[in-house]
Amino acid sequence: MPPIDHFLNRRNNVRLSPSAITLYQSCQRKFYYVYIKKAELKPRPALVRGSISHKVLESFFDYVNLVDLKEGDWEKLRKDFRKVLFTLLESEWKLIGSEYPDCFASEREKGELLEETKRFLDFYSAKLAYSVTDKLCELNKNSEWFEDDLKRFFYPKDRELRIDLAELNFSGVIDKTMSLFGKGIAIVDYKTSRCSLPHFIPEDHIKQGKAYAYLWKQHFNELPKHVSFYYMRTGESVYYPISEADVEEIQADIDEIRSKDTDSISDFPKNVTKMCGYCDFKGLCFKGGKVPNGNTIESN
Ligand code: SF4
């Protein structure tokens, strides 16, 4: 628990999460609309695809048998992994329109996104199959710990783990955690979004990762060793080592948000960037004026 003085300057008890902290960092005005005014964001195809991909990766491990892993046949593992992933993807994709909003501009766009997602998952199956085969070369099959070590290497410690810090009104869902063979745990965050540079973690992803580490530390009183971001598009895993300073940074963010008057919009300034052109709230922020992407918003 944070010290008592963290609660003394509270002016609000807005429900917070790692996504809320990230949004606050990117634009406080948008945070105000979404988390205080509870304005709904328009569903977007990329977000629907992101939710489906997360669900597929969460369920995948239920369908992989340890016996098959032990065989260590790379080609076979890859085929089996791909089959499971594609089957899960197709059944989840059918839920668009019921469980997931159908916000695609056309059937063509929807089909293209499905094919692209299959490519991501195909790459994931190859990468995972190779990493298992490689690990098997290192493990001693005659050791009494062989199965345990293989399990620990392959299967997540947690999947879609929800942590609720009731006193802080802060909660979040961690995609996956992995045990680091007696050296703590790693938090894994799947990303389907584009990354501007190779082997690079954008600032907002790092902030979100720190917020997951904060949740973990508050709940288990243990610092995760690192947060690893898996970029599905490129198959890259990039990790960020976590320190106490990162957790303190998130505590400072929470304290700052809690010190704001939620009845005063001016407590949440706009952050005007070219991204405003894509924001659901540009009509409110630039009424009668020009949005940074060049469009003019009508006064009425
Ligand atoms: S339009 Fe720009 S300033 Fe306004 S809420 Fe969106 S991102 Fe923030």
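Biologist: How do the residues of the shell around the ligand divide into nonpolar, polar and charged?
Modeller: The model is a predicted one. The shell around the ligand includes Cys-27, Val-272, Met-275 and Phe-281, as well as Arg-29, Lys-30, Asn-271 and Lys-282. By class, the residues of this shell divide into seven nonpolar, one polar and four charged.

Biologist: Which helices each supply at least two residues of that shell?
Modeller: Among the residues surrounding the ligand are Arg-29 and Lys-30, together with Lys-282 and Cys-285. The helices that each supply at least two residues of the shell are α3 (28-36) and α11 (282-285).

Biologist: Between which domains does the ligand lie?
Modeller: The protein chain is divided into domain 1 (19-39 + 156-258), domain 2 (45-154) and domain 3 (270-300). Residues of the shell come from both domain 1 and domain 3, so the ligand lies between domain 1 and domain 3.

Biologist: What distance separates the centres of domain 1 and domain 2?
Modeller: Domain 1 and domain 2 are in contact, through 11 residues of domain 1 and 12 residues of domain 2. Taken over C-alpha atoms, the separation of their centres is 22 Å.

Biologist: Which elements give two or more residues to the side of domain 1 that touches domain 2?
Modeller: In the contact between these domains, domain 1 takes part with 11 residues. The elements giving two or more residues to this side of domain 1 are β1 (158-165) and β2 (170-179).

Biologist: How do the residues of that side of domain 1 divide by class?
Modeller: The side in question is the one on which domain 1 touches domain 2. Its residues divide into four nonpolar, three polar and four charged.

Biologist: Which residues does Val-56 contact, leaving aside its neighbours within four places in sequence?
Modeller: Val-56 is one of the buried residues of α4. The buried residues of α4 are covered by elements that include α6 (74-93) and α7 (107-138). Beyond four places in sequence, Val-56 is in contact with Leu-85, Leu-88, Leu-89, Glu-92 and Leu-121.

Biologist: What span is expected for helix α4 at 1.5 Å a residue?
Modeller: Helix α4 (residues 45-60) has 16 residues. From its first C-alpha to its last it reaches 22 Å, close to the expected 22 Å.

Biologist: Is Lys-141 buried or exposed?
Modeller: Lys-141 is found in the loop between α7 and α8 (146-154). The cut-off for exposure is 12 or fewer C-beta neighbours. Lys-141 has 10 of them inside 10 Å, and therefore counts as exposed.

Biologist: Where is Glu-160, which has a positive phi?
Modeller: Phi of Glu-160 is near 45°, a positive value in a residue other than glycine. With 14 other C-beta atoms within 10 Å, Glu-160 is partly exposed. Its place is in strand β1.

Biologist: What is the phi of His-199?
Modeller: His-199 lies in the loop between β3 and α9. It counts as exposed, with 10 C-beta neighbours inside 10 Å. Its phi is positive, although the residue is other than glycine, and is near 50°.

Biologist: Which residues does Thr-133 contact, leaving aside its neighbours within four places in sequence?
Modeller: Thr-133 is found in helix α7 and counts as partly exposed, with 17 C-beta neighbours inside 10 Å. Its C-alpha atom is separated by 9.9 Å from that of Glu-75, 58 residues apart along the chain. Beyond four places in sequence, Thr-133 is in contact with Gly-72, Trp-74 and Leu-77.

Key. Residues numbered from 1 in each chain as written. Predicted model: local features only at pLDDT ≥ 70, side-chain atom pairs only at ≥ 80, totals over all residues. Near = placed C-beta within 6 Å. Helix = DSSP H or I, 4+ residues; strand = E, 2+ residues; numbered from the N terminus. Nonpolar A, V, L, I, M, F, W, Y, C, P; charged D, E, K, R; others polar. Domains from an automatic or database assignment. Contact = placed C-beta atoms within 7 Å. Expected span 1.5 Å × (residues − 1). Buried ≥ 20, exposed ≤ 12 C-beta atoms within 10 Å, placed from the backbone.
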